[in-house]
Amino acid sequence: MAVTGDETETGTSGDMPACQLHNASSSLPQEEAETSTHSSLKHAETIEKRELRLMKNREAARECRRKKKEYVRCLENRVAVLENQNKTLIEELRALKDIYRHKVE
């Protein structure tokens with residue numbers, strides 16, 4: 001049964017109006033409980049968000065390290081190819097210098 005300010009509650013409380021039964025002091029513990037529950041839910045939400053952020057950060061860091069290793073590996077391969085190309089060009093240059101010297105003499 002819903003109680004309004006005009007109705008009275010019968011029974012153990014007598015003829016006291018219902019609006020007087022629900023005064024501000026009786027609702028404070030309920031408000032504190034709701035605030036406490038809300039606060040704990042907000043705290044749990046904050047912790048959950050933090051854990052999600054940390055997990056995403058770890059994944060991003062792992063991916064970044066993987067990409068960096070791949071990049072370094074590609075650079076090392078390129079260095080090897082360029083070193084081989086440089087050796088080949090140096091040998092070709094020596095050969096051409098030898099041919100030129102023999103023609104000049």
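## Salt bridges and surface patches of a helical model

D98 and R101 form a salt bridge whose closest N and O atoms are 3.3 Å apart. The two residues are separated by about one helical turn, because they stand three residues apart in helix α2. D98 counts as partly exposed, since its relative accessible area is 37%. The model described here is a predicted one.

In total, the structure holds three salt bridges. Side chains of opposite charge can pair when their charged atoms come close.

| E63 | R66 | 2.6 Å |

E63 and R66 are both placed in helix α2, three residues apart, or about one turn of the helix. E63 has a relative accessibility of 34% and counts as partly exposed; R66, at 45%, is also partly exposed. E70 and R73 likewise lie three residues apart in helix α2, about one turn. Their relative accessible areas are 35% for E70 and 42% for R73, and partly exposed is the class of E70 and of R73.

The secondary structure consists of two helices and zero strands. Of the 105 residues, 1% count as buried. The accessible surface comes to about 10,100 Å², with 56% belonging to carbon and sulfur atoms.

Two surface patches may be described. R50, R53, R58, R62, R65 and K69 gather in a patch of positive charge, and R58 is located in helix α2 (residues 24–104). Y71, V72 and L75 make a nonpolar patch of about 280 Å². V72 lies in helix α2 and is partly exposed at 36% relative accessibility.

Key:
Residues numbered from 1 in each chain as written. Predicted model: local features only at pLDDT ≥ 70, side-chain atom pairs only at ≥ 80, totals over all residues. Heavy atoms only, no water. Patch = residues over 30% accessible without salt bridge, like charges linked within 9 Å, V, L, I, M, F, W, Y side chains within 5 Å. Areas by Shrake-Rupley, 256 points an atom, 1.4 Å probe, with all protein chains shown as cover. Salt bridge = Lys/Arg side-chain N within 4 Å of Asp/Glu carboxyl O. Lys, Arg positive; Asp, Glu negative; His and termini not counted. Charge placed at Lys NZ, Arg CZ, Asp CG, Glu CD. Helix = DSSP H or I, 4+ residues; strand = E, 2+ residues; numbered from the N terminus. Buried < 20%, exposed > 50% of the residue type's maximum accessible area, 1.4 Å probe, protein only.
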